[in-house]
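Morning, everyone. I will go through one model today, starting with the whole chain and then turning to two local details.

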Amino acid sequence: MRRKRKESLEDRAFHIGNTVIMVLIGAVMLYPLYYIVLASVTDPTVVNTGKLLLYPEKIYLEGYKAAFEYGQLFTGFANSVLYTAVGTVISIFLTIPGAYALSRKDLRGRNAVMFLCTFTMFFSGGMVPTYMLVNQLGLIDTMWAMVLPGALSVYNLIVVRTFFQTNIPEELLEAAKMDGCTDLKFFWHIALKVSGTIIAVMVLFYAVGLWNSYFNAIMYLNSRSRMPLQAVLRDLLILNTVTNELPIDATETVDRMMRADQLKYCVIIISTVPMMVLYPFIQKHFTKGVMIGSIKG
């Protein structure tokens with residue numbers, strides 16, 4: 001058996017130094033997330049001292065209690081799930097076939113189409129014209145106002161097009177056509193079969209964007225029963241902010257201030273947990289898909 005080469009002193013020092021640096025960088029990145037989790041269950045008087053939190057020193061759950069007692073929370077959660085699911089399906093159905101078509105060199109005018117798509121990344125019609133268009137289409141205060149205006153991301157389209165150009169050689173298409181395969185069959189039975197990685201990445205990209213969307217809700221939705229979770233959580237924070245509009249006693253003022261301080265952290269946890277649950281199922285495809293889709297411009 002070949003004897004394993006002994007590491008030199010320089011190599012060992014490099015590995016030790018590299019490990020220490022990576023651990024420090026990981027701690028710097030992870031501690032803010034850990035701090036938010038602790039702050040969401042710790043007494044705000046302890047959090048506001050600015051001390052380094054390593055464990056919840058004094059449990060305080062009034063923030064979560066106020067959040068889950070808020071009537072619109074579960075309605076907003078259901079709306080966000082609906083908008084995210086429907087919007088992601090629509091976006092995938094637009095992005096994948098469109099990117100495949102633009103990756104084909106035999107598509108006439110594909111450069112002109114890509115120019116028009118890329119142009120929209122730098123110049124848009126503006127907020128007011130977009131609102132007028134959505135209004136004229138009759139989408140105001142409907143689910144479609146949340147999922148259709150941003151259904152296709154040009155950036156994602158370019159990434160997926162590059163993926164197809166890189167991973168599906170022209171010789172494969174020519175061989176399939178010689179066997180009598182049509183363009184539609186090639187796309188459905190061959191192109192999609194090798195695209196599981198990039199499709200998973202696009203699902204994550206679109207789902208996160210739709211889940212975090214609240215500006216479209218403020219712009220296009222009027223009914224509170226149709227508001228997504230992000231808009232509901234925003235209203236919850238505003239509702240629990242101490243104001244001088246109503247005369248309240250000192251004890252209630254202190255309680256509301258503490259609840260409002262903790263709610264900021266509770267809202268972050270409530271809004272991010274669903275995406276954190278989704279991510280592990282896609283994580284194994286995520287890095288590979290992004291790298292493959294970004295080899296060429």
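**Overall make-up**

The protein chain has 14 helices and 0 strands. Keep in mind that this is a predicted model.

Some totals for the chain. Of its 297 residues, 35% are buried. The accessible surface is about 18800 Å², and carbon and sulfur atoms account for 66% of that. If we take contacts between residues at least 6 apart in sequence, 74% of them join residues at least 24 apart.

**H4 against H11**

Helix H4 covers residues 72–103 and helix H11 covers residues 196–211; their axes come within 8 Å and cross at roughly 140°. That angle makes H4 oblique to H11, since only angles over 145 degrees would count as roughly antiparallel. The crossing is right-handed.

Who makes the contact? On the H4 side the residues include Phe-77, Tyr-83, Gly-87, Ile-92 and Ile-96. On the H11 side they include Ile-199, Met-202, Tyr-206, Leu-210 and Trp-211. By class, the contact has 12 nonpolar residues, 6 polar and no charged ones.

**Met-121**

Last, a single residue. Met-121 lies in helix H5, residues 110–122. Is Met-121 buried, exposed or partly exposed? Its relative accessibility is 41%, so Met-121 counts as partly exposed.

Beyond its neighbours within four places in sequence, Met-121 contacts Val-154, Tyr-155 and Ile-158. Ser-153 is 32 residues away from Met-121 in sequence, with a C-alpha to C-alpha distance of 8.9 Å.

That is all I have.

Methods:
Residues are numbered from 1 along each chain as its sequence is written. This is a predicted model: local features need pLDDT of at least 70, side-chain atom pairs count only at pLDDT 80 or more; totals for chains, interfaces and linings use all residues. Side-chain values use heavy atoms; hydrogens and water are left out. Axes are lines fitted to C-alpha atoms, for helices over the stretch in contact, and angles run from 0 to 180 degrees between N-to-C directions. Helices (H or I, at least four residues) and strands (E, at least two) are DSSP runs, numbered from the N terminus. Angles under 35 degrees count as roughly parallel, over 145 as roughly antiparallel, 65 to 115 as roughly perpendicular and the rest as oblique. A crossing is left-handed if the near helix is turned anticlockwise from the far one by less than a right angle, and right-handed if clockwise. Contact means heavy atoms within 4.5 Å. Ala, Val, Leu, Ile, Met, Phe, Trp, Tyr, Cys and Pro count as nonpolar, Asp, Glu, Lys and Arg as charged, and the others, Gly among them, as polar. Buried means under 20% relative accessible area, exposed over 50%, partly exposed in between (1.4 Å probe, protein chains only). Accessible areas come from the Shrake-Rupley method with a 1.4 Å probe; for residues, only the protein chains shown count as cover.
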